[in-house]
Amino acid sequence: MSAADGTSVQERTDKLEGLGCKRKRVEDARFTQGKGKYVDDMKLPGMVFGDFVRSPYGHARIKKIDKSKALALPGVKAVLTADDLKPLNLHYMPTLAGDVQAVLAVDKVLFQGQEVAFVVATDRYIAADAVELIEVEYEDLPCVIDPLKAMDKDAPVLRHDLEGKTEGAHGARRHHNHIFTWEVGDAAATDKALGSAEVVAKEFLSYQRVHPCPLETCGCVASMDKINSHLTVWGTFQAPHAVRTVASLISGIPEHKIRIVSPDIGGGFGNKVGVYPGYICSIVASIVLGVPVKWIEDRIENLTATAFARDYHMTGEIAATKDGRITALKCHVVADHGAFDACADPTKFPAGFFNICTGSYDIPTAFLSVDGVYTNKAPGGVAYRCSFRVTEASYFIERMIDVLARKLNMDPAEVRRKNFIRKEQFPYKSALGWEYDSGDYDTAFDKALAAVDYKGLRAEQKKNREDFAAGKTRSLMGIGIAFFTEIVGAGPVKNCDILGLGMFDSCEIRIHPTGSAIARLGTISQGQGHATTFAQILATEIGLPASMITVEEGDTDTAPYGLGTYGSRSTPVAGAATAMAGRKIRAKAQMIAAYLLEVHDSDLEWDVDRFQVKGAPDRFKTMQEIAFAAYNKAIPGIEPGLEAVSYYDPPNMTYPFGAYICVADIDVDTGVTAIRRFYALDDCGTRINPMIIEGQVHGGLTEALAIAMGQEIAYDENGNVSGGSLLDFFLPTAVETPAWETDFTVTPSPHHPIGAKGVGESPNVGGVSAFSNAVCDAFAHLGLTHTQMPHDHWRVWKTAQKLGLVE
């Protein structure tokens, strides 16, 4: 049906490029032409360069630092040590987890790569030369590398600055290397259910230490204007406003005199949420020297000293009836936090959202306990492409389901189906306290199994095992299933904050007289396509084409206060703020349209890009007409202009879910695992841009492949890092990466303004356990219950050797 102006509803909808449109990313034009603006592209008059002296030891006392030779080198402007920062009370900085971290090593070093001194020079290469001239005398000390031994009676004291402190940020400390104990659930009821269960499956699962390894390393440019006492910092920040608040607390500079800017960021994945010594030292050096100071880390520094991920060591017990109905789940975790507790978790959740570890299953009783410990490793514990510790939780429950299935001699798919939370049970309150918003797990699972011909795959696997036993093949086939529920959209201020900052988010919209618009948000894109998708949300909400809407983020001088982008919170929180701000715009526009059309507000109805009179669609005003009138008509009772701001505090998290199936073929003689097929079905609620969703899933699955099949930051007993360069740390290329099959169902979130749940983290959350389950499944008929990640060729070959398949 055509409107009075001759356009159909579909034509006007298509013109908007709103929700559901496969709109091309507007960011790509500059990126593909090399026109991006990254931190290392910054060049300011008089700028100098910083570099670090880093510890070669995992644990050692600093006996002496001699910086005289470095200071004598032409071009060196300053060398900072902890002794220089102490008078300023800047030798320690607060971490996001409520701990403190040494900016520069105080008295001793606690991990290899720790920052010992900061050199500032006129040239980046001079700074590197000066680093080599600084002489540090160390006294080697014994290391604590194994987190399971960190609280042994004879374990060395790591944090002397905490000596005698029996309380930490999260309660009592029961050992000098203990950080916290976090408990959730009903311990007594869980133990009772385990004690009376017909079947109990138990397993120890390690999720190794890995690293986000973003394309761009961390860095910043700090510039202190001494005339007006205004500090500007350009940096790789995933949460610019939070960094500004922390910078103000540390430096004492009023927050309104600090400007934090995040330009283009080459990937974040959680690595750029926290505050690093490089930021603090650059700021201090700029204040002291009165010139801009740039610090950019190299790849080895990034891998060895910036925030790691995972390093969770989990003991699980799962109780069930003989027919596979789960009755209880128990989990104990030893969480390795490194030398300082710098995890990027909400204050009330020292182990993040790990208590989503009941997964997609209706488990009546559960208990979780987590012990955080210090070791001689780099600090961190970031949400590497997942919400806070959710991928560890998903890996735990999905492996435990498979372990239970083996013990019951049941098909892993059947055990899952038997225990799913049913559609009619939503909103569902889990045994560990979460309220799942919506889900339709059976529909998604049925679609996934049918898509891959699951029965046919199991029949093929049966034939493969027969052929292997007969010596006809040396390859084993594995089928890995993962059905995950993630928790994203942190979050409600009532239970989510970082350093006391409630985790709401924001959007400010300004419509110009000609009908173009600018939207500023408290988030910051690192490749997610915010400039594309947030404009699409607004196009649908306010009826202006997405091409006429500019999205800005990352500058604290212009953007409204927000908590940034990580843990898939942009769409669930900032996307909701965007929609709500758009609705405020539309509400005012309706009043303006009513005045122009000489009717009451209630006589109008919204139609794609206009308000029209009910029953008389030929009488209407488009949003562009309304925008112009907002600036040139004197409308009684309505102030001029068309602007709105929304600070959105979500009532609940959102719970995207998915069904992933991996088919792998393992050559037992070489340990080489070939991923034959990977099918990924995601349900992220309302789909804003299907093309961007598909790209997000492809990227997340590639990272999941890397983690499951080879990524690890390992340490030897002396604290030396292996996997600290790209020669040793596995990053998949097009050669190793399989073709991904993507699919979807749509189950909107009932409380989100547009029903969206978020998808950016989901493939990493579900993918890792699907890969791991496939590898373990290949050997399951030989009595193998579990083998630890990563499943690189060597470890897979060793598994085959232990099973007697190779010599």
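Guide: Happy to! A salt bridge here is a side-chain nitrogen of Lys or Arg within 4 Å of a carboxyl oxygen of Asp or Glu. This is a predicted model, and by that criterion it holds 55 salt bridges.

Let's begin with Arg583 and Glu541, whose side chains meet in one of these bridges at 3.0 Å, N to O. The pair links distant parts of the chain, with Arg583 in helix H15 (residues 570–597) and Glu541 in helix H14 (residues 530–542), 42 residues apart. Arg583 has 31% relative accessibility and counts as partly exposed, while Glu541 is buried, with a relative accessible area of 5%.

Next come Arg458 and Asp777, which form a salt bridge at 3.2 Å, N to O. Arg458 belongs to helix H13 (residues 454–469) and Asp777 to helix H18 (residues 762–779), so this contact ties together parts that are 319 residues apart in sequence. Both residues, Arg458 and Asp777, are buried.

Finally, Asp440 and Lys423 meet at 3.7 Å, N to O. Asp440 lies in the loop between strand S21 (435–436) and helix H12 (441–452), and Lys423 in the loop between helix H11 (412–419) and strand S20 (428–429), so the bridge ties together parts 17 residues apart in sequence. Asp440 counts as buried at 15% relative accessibility, whereas Lys423, at 54%, counts as exposed.

Note on methods. Residues numbered from 1 in each chain as written. Predicted model: local features only at pLDDT ≥ 70, side-chain atom pairs only at ≥ 80, totals over all residues. Heavy atoms only, no water. Helix = DSSP H or I, 4+ residues; strand = E, 2+ residues; numbered from the N terminus. Buried < 20%, exposed > 50% of the residue type's maximum accessible area, 1.4 Å probe, protein only.
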